[in-house]
Amino acid sequence: MTSTLSLPARPRSRWHSQFRRGAARLVAWAGDERLSLWLALGFTLAHVVLWTAILTQLKAAQDVHFDVAEAYAWGQKFLLGYGKHPPLSGWVAGAWFMLFPPADWATYALAMTTVGTGMMICWAIALKVVDRRRAFLVLVMLALYPIFNFKGFKYNPDLLRLVTLPLVVLAYLDAFDKRTLRSGVLLGLAGALALMTKYWVATMIGAVGLAALIHPARMAFLRSWAPWAAIVTMAAAMIPHFIWLRQVDFVPFTYAGGTYAQSNRSENVQLVLGYIGHNLALLALPMALAAAAIAWRRRWWTMAWRDPAGFIAQPWSRAANPGVRTDQALNVWLIQAIVAVGPPVGALIFEIYLKTDWGISLFFLVPLSVVAIPSLRVRRAALARLAAIWLVLTLAVLATAPQIALLTLPRNADGSMSHGSHSQPARELTDVWHQRFHSRWPVVAAYTDVGDPMTFYSVDHPMPLTPNEPWSSGLSSLDEAKRDGFIGICEVGDWHEQLCGDWMKVNAANAERMVITTRRFFKGHAGAATVWNVYVVAPGQ
C-alpha cells in the first residue's frame with residue numbers, strides 16, 4: 001500500500017492577508033450610503049494633516065510666499081475689494097487668522113484646508129454623476145493631483161478657486177436636476193461667491209452657461225425657474241461689490257489690463273504652449289497612477305507581453321453601466337472641455353498674458369470626466385490599490401521632507417542659499433519703532449513683495465502702503481501714513497530699488513535713515529546677505 005505525502009499550502013503572509021481585509025473594508029465603506037461620507041471626510045482630513053506637516057518641513061528654509069502675506073494683510077480689514085482683486089480671499093484669511101497665529105505652519109494649514117474643502121465638494125459633484133465607489137476613486141485621484149498637494153502650498157485667490165468653482169459646478173448640477181427656484185438661487189449665490197474670489201472665474205461661469213445651452217436636455221432646464229433665478233440672484237448679490245468698483249473707478253480692471261495685456265505675438269504663443277504643457281504635466285501623475293491601478297492584474301506583465309491589445313482593452317466594456325448617469329456626465333464633459341480649450345484660444349486671439357497658475361482651478365473635473373466614461377470598468381481592487389499608492393507616496397514624502405528641503409535649496413552663483421529673510425527685518429524694525437516712539441508700528445511703505453511680509457511677521461502687523469501703485473489695496477493711504485508715521489523699506493539690488501528710492505525722497509524727506517543687513521540660516525547653510533535701505537518717519541511728519 002502506497003501513501004502520498006501532502007504538503008501544506010504555503011501560508012499567505014500576514015501583511016497580505018491584512019491588506020486584503022483592509023481593502024475589502026475600504027471598498028465596502030466607499031459604497032455604503034451611510035459610511036461613504038465618513039470615509040471621504042476621514043481620508044480628506046488625513047490628507048490635509050499629512051500635507052500640512054509635509055509643507056511645513058519642505059518650506060522651512062524660506063519665509064511664506066508674498067501672495068500668502070498679501071492675503072493676510074487684506075484680512076486685517078474686511079473691505080469690499082482690495083485694489084487688484086475681489087475680497088473673498090482676504091475675508092477667508094482674516095477669519096482663519098482670528099483662530100490661528102500668523103505663523104508659517106498656519107499658512108500651510110490654511111492652504112491644505114482650502115484644497116481639502118475643494119476635494120470634498122468635488123466628491124459631492126462625483127456623487128451626482130457616478131456611484132459612490134467611483135466617487136471615492138475620484139477623491140483619491142484628486143489627492144494625487146499635484147495641485148492638491150505640492151502645488152497647493154500657496155494660499156491666494158487662485159487656490160481659493162478650488163473651493164468656489166467646484167461649488168458653482170455642484171450648484172449647477174443640482175439645479176439641472178431639480179430645476180426649482182431654490183436650486184436656482186443657490187446657483188446664483190455660488191456664482192457670486194466665485195466672482196468675489198477672482199474675476200477669472202468668469203471662464204467657469206461661462207462654461208457652465210454654454211454647457212446648459214448645448215446639453216440635449218437644455219429646454220427642460222431653460223423653461224424652469226432655476227437659470228433665471230440664478231442670474232437675478234448673482235446680479236443682486238454682486239451689487240455691493242459693483243458699487244465699490246464704481247467708487248474706485250474700476251481699478252481691478254485697470255490692474256488686469258496693464259499687467260496682462262501683450263503685444264508680442266511670439267511671446268504670447270510661447271506662454272500659451274507653456275500653459276498647456278504645464279497643466280498636462282500636472283494631470284499626468286494622477287491619471288497614470290489611476291490607469292495603473294485599474295489595469296493591474298496578477299502577472300500583468302505576462303498578459304501585456306502576450307496580448308498587448310487585450311491588456312489595453314480589458315478595463316473596457318460596451319455593456320450598460322448603471323454606475324454612471326450619462327446626462328450629468330455630459331454636463332461635466334462639456335464644462336471641462338470648454339474651460340480646457342477656451343482660455344488658451346482666448347489668450348491667443350486677444351493676446352493675453354496667460355499665467356500657468358490660472359489653470360490651477362480649471363482641471364479639477366478631469367478625474368471625474370475619465371471615471372464617468374460608461375465603458376470604463378473599475379474593479380473593486382483598483383480603489384484599494386490607488387488608496388494604497390496615495391498612502392505610500394504621502395508617507396514617503398513625509399519621511400524624506402527634511403532631506404528634500406535641503407537638496408532643493410536654491411543657491412546663488414557663490415554657493416550661498418538664495419532664500420532671503422523678511423521675518424528678520426520685520427522683527428528688527430518693530431523693535432526700532434518701539435524704541436523710538438513707544439507705540440505700535442502703524443504703516444510699512446514698501447513694494448508688495450517686501451511690505452506684505454512685514455505685515456505678516458511683525459507683531460504689530462503694520463498696514464502696507466505700496467509706492468506708486470495705481471491699484472491701492474485700500475488698507476492704508478499716504479495721508480494716514482504721514483499722520484501716524486511709517487517705516488519705508490527699499491531692498492538694495494531689487495529691480496524697483498530706484499523707483500522706491502525716488503518715492504522715499506519725495507514722501508520721506510525728513511526721515512531717519514538707516515541701513516540694515518540680514519542673512520538667513522537653515523541647518524548650517526547660510527543665505528545671501530540682503531541689504532535694506534530704511535526710512536523711519538515719525539508721526540505727524
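This report walks through a predicted protein model, from its overall build to a few of its residues.

## How to read the model

In this predicted model, local features need pLDDT of at least 70 and side-chain atom pairs count only at pLDDT 80 or more, while totals for chains, interfaces and linings use all residues. Residues are numbered from 1 along each chain as its sequence is written, and side-chain values use heavy atoms, with hydrogens and water left out.

## The overall picture

Let's start with the whole protein. It has 23 helices and 7 strands; helices (H or I, at least four residues) and strands (E, at least two) are DSSP runs, numbered from the N terminus. Along its principal axes, the C-alpha trace spans about 110 × 70 × 45 Å.

Of the 541 residues, 51% count as buried. Here buried means under 20% relative accessible area, exposed means over 50%, and partly exposed lies in between (1.4 Å probe, protein chains only). Among contacts (heavy atoms within 4.5 Å) between residues at least 6 apart in sequence, 77% join residues at least 24 apart.

## The disulfide

How many disulfides does a search of the whole structure find? The search finds 1, where a disulfide is a pair of cysteine sulfur atoms within 2.5 Å. In general, a disulfide is a covalent bond between the sulfur atoms of two cysteines.

The partners are Cys 490 and Cys 500, with their sulfur atoms 2.0 Å apart. This pair links distant parts of the chain: Cys 490 sits in strand β3 (residues 486-491) and Cys 500 in helix α23 (residues 497-507), 10 residues apart. The torsion about their S-S bond is about -85°, so the disulfide is left-handed. Cys 490 is buried at 2% relative accessibility, and Cys 500 is buried with a relative accessible area of 2%.

## Arg 161 in helix α7

Now look for Arg 161 in helix α7 (residues 157-178). Is Arg 161 buried or exposed? Arg 161 is buried, with a relative accessible area of 0%. Leaving aside residues up to four places away in sequence, Arg 161 touches several residues, among them Trp 200, Asp 357 and Trp 358.

## Thr 52 in helix α2

Thr 52 belongs to helix α2 (residues 35-58) and counts as buried at 12% relative accessibility. A polar atom of the Thr 52 side chain lies 2.7 Å from the backbone oxygen of Val 48. Not counting residues up to four places away in sequence, Thr 52 touches Trp 105, Tyr 108, Ala 109 and Met 112.

Conventions: Polar contact = N/O pair within 3.5 Å; in protein donor to acceptor, adjacent residues only side chain to side chain.
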